[in-house]
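Subject: Structure handover

Hello,

Please find the structure below. My notes on it follow.

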Amino acid sequence: MALDPQVQQHLEQLAAMNLPALEELTPQQARQFVVAEAESFGTPEPIASMADFKVPGVDGEVPIRTYAPRNGAPLPALVYYHGGGWVLGDVETHDGICCELANRAECMVVSVDYRLAPEHKYPAAVDDAYAATAWVFEQAAQLGIDPRRIAVGGDSAGGNLATAVALMARDRAAFRPAYQVLVYPVTDYSFDTPSYCENAEGYQLTREAMRWFWTQYLTQPSDGRQPYASPLRAESLGNLPPALVLTAEYDPLRDEGEAYARRLEEAGVPVTLTRYPGMIHGFFRRTHQFDQARAAVTEVAETLKRAFGTVG
């Protein structure tokens with residue numbers, strides 16, 4: 001279908017601003033744009049309680065932030081990894097979506113402030129994501145979380161980290177997440193899918209921007225073949241948690257997200273795949289702008305509630 005009219009208006013407004021291409025910026029400059037963008041989303045909705053912690057990591061402490069929709073009995077939880085190409089974003093830029101997910105899914109959300117590239121190359125982000133998630137499982141009782149009902153999830157590069165954590169937990173025979181929420185995840189170090197060609201430019205996230213992100217993230221191109229960087233290249237996707245995969249029609253990453261969902265299904269993993277027509281990469285957090293973003297957040301929340309057994 002054609003671009004959603006709300007997305008079309010958004011892209012026209014961006015074009016009128018005549019912003020420089022991402023790949024022309026330094027990481028520090030790009031981060032400033034992302035902070036400003038997040039501020040434009042407005043004040044996050046109220047949440048019952050929020051707390052910051054620093055948890056042990058592979059190479060120092062990893063900051064996390066918890067969002068609880070209510071006090072009381074142990075809650076299910078979603079450990080969330082923010083997007084931003086492993087280079088941009090933090091818990092502050094994703095405050096809004098974490099509050100919304102906590103309130104809608106009636107679960108605690110634990111947002112992980114993993115180390116960013118290029119200062120910290122792969123696998124630093126994966127190591128931090130895994131270490132923080134392992135800590136949440138270990139400290140679930142103290143956090144007010146039911147350890148049997150902990151999911152992992154994220155958007156874009158955060159979706160990539162969620163897949164890596166699930167794979168690593170399986171490979172190490174460690175904890176087992178109850179579910180995976182993968183919102184337009186990065187799953188392969190490759191730029192030649194039909195969606196990369198069809199949506200190479202003009203839809204906010206471009207093919208050249210993704211090349212820039214990967215260049216910042218990897219020490220050398222060969223690292224991109226490793227399954228914790230490119231989960232689509234994992235030898236097996238069997239024995240992984242059930243998953244919800246969301247993709248956007250006008251997104252360079254559309255095909256690799258959908259290919260990952262197909263491979264999960266072929267491996268016998270229960271999976272739901274939803275492509276949002278007329279949408280672009282990054283739409284999920286724009287609930288203040290796009291009707292379909294609100295629908296996507298509702299889909300994630302209702303799916304999690306079913307997975308957690310909090311609805312019939």
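**Pocket lining**

Helix H1 makes the biggest contribution to the lining of the largest pocket, with 6 residues. The model is predicted, so to speak of local features pLDDT must be at least 70, and side-chain atom pairs count only at pLDDT 80 or more, while totals for chains, interfaces and linings use all residues. Numbering starts from 1 along each chain as its sequence is written, and side-chain values use heavy atoms, with hydrogens and water left out.

Helices (H or I, at least four residues) and strands (E, at least two) are DSSP runs, numbered from the N terminus. A pocket is an open set of points on a 1 Å grid over the protein atoms alone, where a 1.4 Å probe fits, with protein on both sides within 12 Å along at least five of seven lines; lining residues have an atom within 4 Å of a point. Grid points are joined across faces, edges and corners, and a volume is the space filled by probe spheres set on the points.

The largest pocket has a volume of about 1300 Å³. Its lining has 46 residues, and Leu14, Leu19, Glu37, Gln204 and Leu205 are the closest to its centre. H1 (5–17), H2 (27–40) and H8 (207–217) each supply at least two lining residues.

**Asp251**

Asp251 sits in the loop between strand E7 (243–250) and helix H9 (254–266). Asp251 is buried (under 20% relative accessible area; exposed is over 50%, partly exposed in between; 1.4 Å probe, protein chains only). The Asp251 side chain does reach the backbone nitrogen of Leu253, at 2.9 Å.

**Salt bridges**

There are 19 salt bridges in the structure. Arg254 pairs with Glu198 at 3.1 Å, N to O. This pair joins distant parts of the chain, helix H9 and helix H7 (residues 194–198), 56 residues apart. Arg254 is buried, at 7% relative accessible area.

Arg115 bridges to Asp59, with the closest N and O atoms 3.4 Å apart. Arg115 is buried at 18%, whereas Asp59 is exposed at 56%.

In helix H10, Asp291 and Arg294 are 3 residues apart, so about one helical turn separates them; their closest N and O atoms are 2.2 Å apart.

Regards

Conventions: Lys, Arg positive; Asp, Glu negative; His and termini not counted. Salt bridge = Lys/Arg side-chain N within 4 Å of Asp/Glu carboxyl O. Polar contact = N/O pair within 3.5 Å; in protein donor to acceptor, adjacent residues only side chain to side chain.
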